[in-house]
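Here are some notes on the packing and the charged pairs of this entry. They are meant to be read alongside the coordinates.

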Amino acid sequence: MLSSSRKMSRSATIFQVLLVFTTIVAQTQWASVWGMYCEDLTASVERPHSASITDFGAVGDGATLNTKAFQNALFYLNSFAKKGGAQLFVPAGRWLTGSFSLISHLTLSLDKDAVILGSTDSSDWPVIDALPSYGRGRELPGKRHQSLIFGSNLTDVIITGSNGTIDGQGAVWWDWFHNHTLNYTRPPLVELMYSTRVVISNLTFINSPFWNIHPVYCSQVLAQHLTILAPISSPNTDGIDPDSSTNVCIEDCYIRNGDDIVVIKSGWDEYGISFAHPSSNISIRNITGQTRNSAGLAFGSEMSGGISDVRAEGIRIVNSVHGIRIKTAPGRGGYVKNVYVADVSFDNVSIAIRITGNYGEHPDDRYNKSALPTISNITIKDVVGVNIGVAGMLQGIPGDNFSNICLSNVSLSVRSTDPWNCSLVEGYSNSVSPEVCEQLRTSPGPGQICYGSNYPAAAAQPQPQPQPLQKSSASRLVNPFLSISWFLCR
């Protein structure tokens, strides 16, 4: 008979072979998934009708307020929505404006030397209702300012240009924030709600008052070839924040800002739980960035509607506090599951990988303290890092261990003599340097398979899945990992 050590070695070898095989299958399946709901989205849509913002009296001198010109142009172009749509062209110049709302079947196109400037007068940014999945403004109770470029219940919207610029002139808003003189939550640069088939591409966004790009309750969203810049000291200038949205693709972006570079959200505590719209089917590729205050790739902390089925590859983070981070807390409920992150590099990052179970900011005191989040099926692999402070801080919640946390082929050059801090987590590790904490075992436990070759662990503890806001071909995808993962777990 084989000795127990030989049996374990053989089991581990078989597991690793199967893991390689299923990873190849996973990569093939994910390539086809990307094609189903991203490759058919493009900024190169021919619109049979077009107009220039100058046709409506706009003046690009950086001083004349052009809000009415944008509003009148879009009112006029809406008449072509059922005739193939229209394009609004913004030529070279500096076009000062307050908030304006887009229409369906529209391309907003900026010349390479065009700059849309956000007004520094807060009265030019209307006050609107709080998001239902947040229950209040993110910063203050009550309402919030509308984004500079806004839209709701739209279809087929493109915001693009030859690297033209959208400048929020956010410094005045940052001062109001620091001085505690805001009456309402600050506005994003771009926010689209309840919309489908959205493309944002080939633009530069700078100095947002708050978050930069915020698709919320949307489906089929493509953000590509974007440069997003704000001072690293600027507060809450997140780069791209898909929120309670499905079928989202983010690729080929450079982001340097004062908060998370790309962060996935889905509502806040009891409001997110009640609204129950998850973020799912999210692909992130080829992102380079820097943030001194937060993370390169983040999940939460507002994740109460659930986050699942996220694949991120080609992530390059430099001179930042965190590399990859999951943020949650008792009271959040919801879940973060089925996350696969690969091909990652860090340089001068304080904490490479962090999972925080006590990120305890709440909208009010009415949240359910017993609503515990589920964090499971998180795979992070093929990671290289230099000038790293701490390799990882992985901290769950008492009575709510975070499970199936899998690290593979991770090599970090770490300054700390105590590189890993782990508690209330469990999972698997393979080829991790420096040696990872004992909670992530070097051989899989019963039924434990890392995600990327793993859906069954999620199937063992199903989460309620509300109907998607928009139906698409991608929403009908069968689970590409289910059959082979079921075999592996037998």
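1. Terms first. A residue is called buried under 20% relative accessible area, exposed over 50%, and partly exposed in between (1.4 Å probe, protein chains only). This is a predicted model, in which local features need pLDDT of at least 70 and side-chain atom pairs count only at pLDDT 80 or more, while totals for chains, interfaces and linings use all residues. Residues are numbered from 1 along each chain as its sequence is written, and side-chain values use heavy atoms, with hydrogens and water left out.

2. For Ile-166, contacts (heavy atoms within 4.5 Å), leaving aside neighbours within four places in sequence, include Leu-110, Ile-116, Leu-148, Ile-149, Ile-159 and Phe-205.

3. Salt bridges (a side-chain nitrogen of Lys or Arg within 4 Å of a carboxyl oxygen of Asp or Glu) number 15 in the whole structure. One of them joins Asp-40 to Arg-197, with the closest N and O atoms 3.5 Å apart. Asp-40 sits in the loop between helix H1 (4-37) and strand S1 (49-52), and Arg-197 in strand S14 (residues 196-206), so the pair links distant parts of the chain, 157 residues apart. Asp-40 is partly exposed at 38% relative accessible area, as is Arg-197 at 29%.

4. Asp-129 and Lys-143 form a salt bridge at 3.6 Å, N to O. Both lie in the loop between strand S8 (127-128) and strand S9 (144-145), so the bridge ties together parts 14 residues apart in sequence. Asp-129 is exposed at 52% relative accessibility, whereas Lys-143 is partly exposed at 41%.

5. Asp-364 and Arg-366 pair at 3.1 Å, N to O. Asp-364 is buried at 18%, but Arg-366 is exposed at 59%.

6. A network of salt bridges links Arg-138, Lys-265, Glu-302 and Glu-361.

Key: Helices (H or I, at least four residues) and strands (E, at least two) are DSSP runs, numbered from the N terminus.
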